[in-house]
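Have the structure open beside you as you read, and follow the topics in turn.

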Amino acid sequence: MATILVVEPDILVRLVICDYLRSCGYRVIEAGTADEAGAVLGSDVELHVVFAEVHGLGSRDGFWLARTIRESYPNIDVILTSGIANASEKAAELCDDGLMVKPYDHEQVVRRIKLLRDRRNSSGLT
Amino acid sequence: MSETATASAPDRTGSSPTILIVEDEILLRSLIAEHLRDQGFHVIESTNAREAIDVIASNTPVDLVFTDHNMPGAMDGRTLVAWLTHNRPGLPVILTSGSLCPAAGGDAHPRFMMKPYSVEDVERQIRLLLQASRDT
């Protein structure tokens, strides 16, 4: 089963989506800031998908995180989410299926993760 | 091959104790949290004292708080313990630090664990404190 890094600054949002993903069988690592996400990326933890809020992540935002992953960790898929509508255009450049607008449906997040994993598996890029 | 993920809502009714971990070092926090989850606990991960207060204030059920002392932000672990003692009296708390036990504020008397610790030590102390809490 895939390992998902959830990067979400609001703990009450984070704990609910993380519990849900765990109940679906995923291994989930929780980060509250982009710096924390960077620490996990720089560790020996094998990540498959990063699910990140765009805003409120401290000194760097979710766009920075998505760019970093695209450039340095091409085996990791990124899903960006935000409650701010104008983030959509920029997010579309950085993740293939565009921004997930908050409030999102939890099952919708799992469907997106499964889609990305299936794509990886079928292309042999895992 | 498609990875299977069963979409079902987390069931928290009548389940294992909930531990709120307050630790700003993500790799340490994840390590403890994963071990406790493997042992059957429900774990909430908080990156600082402010988040921990948000969880408690939201009335999310919490059975024990395991908090570091040295954390960024306006509140350290000692201040969080004082807040918990005032706002959630009786809630078991473990305070941890890499240096000698910081004196908790007010009437707070948290259990103290010195870093470095093993995850097994953490689990043991949590079980002991939960048991002591149930016995009183």
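A residue is called buried here when its relative accessible area is under 20%, exposed when that area is over 50%, and partly exposed in between. Please keep in mind that this is a predicted model. With that in hand, we can start with a helix of chain A and then move on to chain B.

**Helix α5 of chain A**

- Helix α5 of chain A runs over residues 106-123, which makes 18 residues.
- From its first C-alpha to its last, α5(A) reaches 26 Å, close to the 26 Å expected at 1.5 Å a residue.
- Which residues of α5(A) are buried? They are Val109(A), Val110(A), Arg112(A), Ile113(A), Leu116(A), Arg117(A) and Arg120(A).
- An α-helix has 3.6 residues a turn, so residues three or four places apart point the same way.
- On the other side of α5(A), you will find Arg111(A) and Ser122(A) exposed.
- The cover over the buried residues of α5(A) includes strands β1 (3-7), β3, β4 (77-82) and β5 (100-101) of chain A, together with helix α1 (11-23) of that chain.

- Just after the helix comes Gly124(A), with a positive phi of about 70°.

**A loop position in chain A**

- Look for Ser43(A) in the loop that links α2 (34-41) to β3 (49-53) of chain A.
- Ser43(A) counts as partly exposed because its relative accessibility is 22%.
- Ser43(A) and Arg119(A) are 76 residues apart along the chain, and their C-alpha atoms are separated by 25 Å.

**The sheet of chain B**

- Chain B has an open sheet of five strands with parallel pairing, in the order β2-β1-β3-β4-β5.
- Its edge strands, each pairing on one side only, are β2 (42-46) and β5 (111-114) of chain B.
- On average, neighbouring strands of this sheet are turned by 20° against each other, direction ignored.
- Within the sheet, β1 (residues 18-22) and β3 (residues 64-68) of chain B pair in the parallel sense over four bridges.
- Val22(B) has Thr67(B) as its bridge partner in β3(B).
- Helix α2 (residues 49-57) of chain B packs on the sheet, where it touches β1 and β2 of chain B, and its direction makes about 155° with that of β1(B).

**Glu23(B), in a loop**

- Where is Glu23(B) found? Its place is the loop between β1 and α1 (26-38) of chain B.
- Glu23(B) is buried because its relative accessible area is 2%.
- The side chain of Glu23(B) reaches the backbone nitrogen of Glu25(B) at 3.0 Å.
- Leaving out residues up to four places away in sequence, Glu23(B) touches Leu28(B), Arg29(B), Ser46(B), Thr47(B), Asp68(B), Met71(B), Lys115(B) and Tyr117(B).

**His35(B), in a helix**

- His35(B) sits in helix α1 of chain B.
- Is His35(B) buried or exposed? His35(B) is buried, with a relative accessible area of 13%.
- The side chains of His35(B) and Glu123(B) are joined by a polar contact of 2.8 Å.
- Not counting residues up to four places away in sequence, His35(B) touches Val119(B), Glu120(B) and Glu123(B).

Key: Residues are numbered from 1 along each chain as its sequence is written. Chains are lettered from A and ligands numbered from 1 in the order in which they are written. This is a predicted model: local features need pLDDT of at least 70, side-chain atom pairs count only at pLDDT 80 or more; totals for chains, interfaces and linings use all residues. Side-chain values use heavy atoms; hydrogens and water are left out. Helices (H or I, at least four residues) and strands (E, at least two) are DSSP runs, numbered from the N terminus. Buried means under 20% relative accessible area, exposed over 50%, partly exposed in between (1.4 Å probe, protein chains only). Two strands pair if DSSP finds at least two bridges between them. Axes are lines fitted to C-alpha atoms, for helices over the stretch in contact, and angles run from 0 to 180 degrees between N-to-C directions. Contact means heavy atoms within 4.5 Å. The expected span of a helix is 1.5 Å times one less than its number of residues. A polar contact is a pair of N or O atoms within 3.5 Å; within protein, one must be able to donate a hydrogen and the other to accept it, and residues adjacent in sequence count only if both atoms are side-chain atoms.
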